[in-house]
Amino acid sequence: MATKAMPTAGPQQQQEAMTARQNDWTKPAAIAIPKEGYFKLQNGRYGPIYPRTPACHGFTIIAKIKPGREDAVRAYGKTIEKVIGDVPDTLATLKLHYLRWVLFDISKDTYFMYQGIFDTDFDKYTEDAVALFTKSGVNTVFENLEGFPEDWKTNVPAFAKFVREHQYPSFLEYGEYPYVTADEIKKALKLKAAFTGMLDLMQ
Amino acid sequence: MSILQQSSISVDLARRTEQPSSLDFEDIQHFLMSRPPARAARYEFLTFGSATGGRAWLTGLIDKVGTAKAVGQSVADSRWVTIGLTWNGLQALGLDDASLATFPEEFRQGMAARADILGLTGANHPDHWVGRLASPNLHAIAILFARDVAERERCRQEHERYVAQCDGVELLSSLDLEAIPPFDYAHEHFGYRDRLSQPVIEGTGVEPTPGSGSPLKPGEFFLGYPDEEGPAAGMPRPKILSQNGSYVAYLRMEEHVGAFRDFLREHGESPEQQELMAAKVMGRWRSGAPLVLAPEKDDAELGADPQRTNDFNYGSMDPYGYACPLGAHIRRMNPRDTTQNIQRRKMIRRGGTYGPPLPEGAPEDGQERGIAAFVGCASLVRQFEFAMNVWANWPNFHELENERDPIFGTQDGTFDMTIPKRPIRKKITGLSAFTTIRGGAYFFLPGIRALRYLASLGDRH
């Protein structure tokens with residue numbers, strides 16, 4: 001656990017401290033997470049809220065795909081590539097750093113792993129995410145998963161329930177530059193670019 | 001958020017020239033649709049000791065409930081009645097378990113059980129609420145708007161006699177409300193002009209003022225109609241209950257006028273600086289003029305002009321918050337173009353001020369005063385709870401890190417307020433609470449036919 005920075009903090013203070021320490025990006029940080037995925041039960045609108053860690057917010061959803069749908073799921077990699085190519089800020093609402101989609105087999109079944117690293121607590125913008133998935137086509141990849149609610153477009157609680165039931169919390173998360181948001185990284189890179197341009201002009 | 005229904009209210013009615021057939025104005029309670037010219041109000045919170053008594057009470061009141069159609073037409077009326085029921089109230093009236101289970105989870109749980117989600121912690125927690133509003137015995141609310149205090153008193157007595165005749169029906173608590181002077185514009189105890197932006201519903205014939213966004217589909221506020229995403233789903237059953245009903249979240253919010261004025265004095269040496277500070281926490285001058293359009297000094301004429309006072313955005317006109325801070329009340333409660341799907345987060349506000357005004361210059365007198373308001377919507381979890389959880393009380397909203405709504409959020413001296421300013425921003429640390437939530441509840445406002453259905457439940461068993 002992050003006891004180095006907060007040696008006397010109990011789990012409750014620890015969870016609350018996550019946000020307060022977000023600017024301490026100079027020290028790499030690691031945090032071990034209890035089995036439940038949180039230190040202290042805090043409910044959001046659709047269920048427990050997961051803490052922000054040195055590796056930001058995120059989730060790992062693992063679900064079995066319907067038999068024979070592997071190619072269909074894989075094809076959606078291309079679909080998303082095109083969507084983002086055409087409209088790069090399509091997924092802006094999700095405040096993402098990274099997405100990783102993985103397919104793997106366990107005995108005769110194929111599983112889909114959707115891992116996302118992002119900057120907002122997922123519970124906060126669940127409805128916006130559902131609306132976005134509808135528009136961007138991410139939806140259809142979910143429709144190839146077993147147990148995905150058929151009425152998900154109009155039933156946000158059912159969608160949230162599916163995601164939560166298939167979410168496997170990390171037990172360790174590490175950040176080389178902990179608690180830094182994608183917006184902050186982009187701001188820093190913009191500043192760097194501005195300085196470089198300024199230095200060029202001064203030659 | 002203030003109320004009482006002053007003259008601006010009847011403008012809504014006057015502008016409603018056509019009533020397309022799509023909205024059933026005869027079945028919808030008037031409450032979220034029109035604003036009668038009331039200067040006094042009374043909320044009565046009731047419990048049903050027996051199902052038959054509760055149904056008897058309902059039966060006798062239904063004809064007095066103002067419909068959207070009736071309230072829009074008569075200017076002679078002097079009182080307007082609305083009825084809301086909690087989920088426990090629906091159960092107490094004898095609604096069967098299968099129907100009860102079709103109501104959304106947040107409504108079934110009730111506001112008190114959802115307090116942590118809403119950010120209602122510390123002094124705002126239901127443990128400290130008044131009027132027995134956190135009790136599972138809270139079953140119904142009768143909302144009375146009256147043209148004046150005398151009419152309210154007449155209605156109070158009449159209702160008192162009526163309740164006494166209904167077996168097991170008891171008053172848990174009540175709250176009297178009165179508009180505060182001056183009466184020529186709606187404002188609350190801190191002195192801010194109120195009721196400046198209200199969503200407009202498609203099919204009511206009302207034209208949105210510039211900057212208010214396009215009219216919203218009726219399903220955002222009334223069950224049984226398409227919403228912004230298409231046909232609405234997850235409706236209560238039987239179908240009659242899902243036609244023309246709405247949910248409302250009630251909040252009784254005390255305003256600490258003395259503490260607020262102390263804060264202004266602490267952060268502003270001159271009256272002008274104090275007014276600017278008042279504008280910075282709200283996002284508007286007390287006149288109603290928005291900081292985005294009047295960043296340096298007040299413009300009372302702009303504040304009073306509905307054609308101009310909402311005609312602004314944040315994304316291109318004030319992206320960094322130099323005019324209106326990112327964490328100011330109006331920027332949190334309606335981020336306009338700087339959030340996604342804003343059309344799905346709109347709410348209709350109703351309510352009014354209660355308690356005596358604190359005269360300018362007078363010390364805090366310890367009397368409770370504030371706003372007792374209703375937020376109307378079709379989905380409490382998507383609209384009201386989102387606003388509370390994300391906009392009002394999420395410390396990292398807009399990447400602010402450690403702030404909550406300076407006026408409406410739960411404040412305990414540990415949160416800040418950042419006021420962007422060139423060259424260096426001003427940061428107020430340890431903001432104190434200017435408001436305290438003293439009570440709240442979730443109510444269902446059924447359509448008129450649904451009220452009749454509920455009143456007749458016993459006849460079928």
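Biologist: In which loop of chain B is the place of B:Glu399?

Modeller: This is a predicted model, where local features need pLDDT of at least 70, side-chain atom pairs count only at pLDDT 80 or more, and totals for chains, interfaces and linings use all residues. Residues are numbered from 1 along each chain as its sequence is written, while chains are lettered from A and ligands numbered from 1 in the order in which they are written. Helices (DSSP runs of H or I, at least four residues) and strands (E, at least two) are numbered from the N terminus. B:Glu399 sits in the loop between α13 (380–392) and β8 (417–419).

Biologist: Is B:Glu399 buried, exposed or partly exposed?

Modeller: Buried takes 20 or more other C-beta atoms within 10 Å of a residue's own, exposed 12 or fewer, and partly exposed is in between, with C-beta atoms placed from the backbone. B:Glu399 has 13 such neighbours, so B:Glu399 counts as partly exposed.

Biologist: What is the phi of B:Glu401, roughly?

Modeller: Most residues other than glycine have a negative phi. B:Glu401, in the loop between α13 and β8 of chain B, isn't a glycine, yet its phi is positive, at about 75°.

Biologist: Which residue does a cis peptide bond join to B:Pro181?

Modeller: Most peptide bonds are trans. Here omega is about -5°, and the partner is found in the loop between β4 (169–178) and β5 (246–255) of chain B. That partner is B:Pro182.

Biologist: And what is omega for the peptide bond from B:Arg237 to B:Pro238?

Modeller: B:Pro238 has its place in the loop between β4 and β5 of chain B. The bond from B:Arg237 is cis, with omega near 0°.
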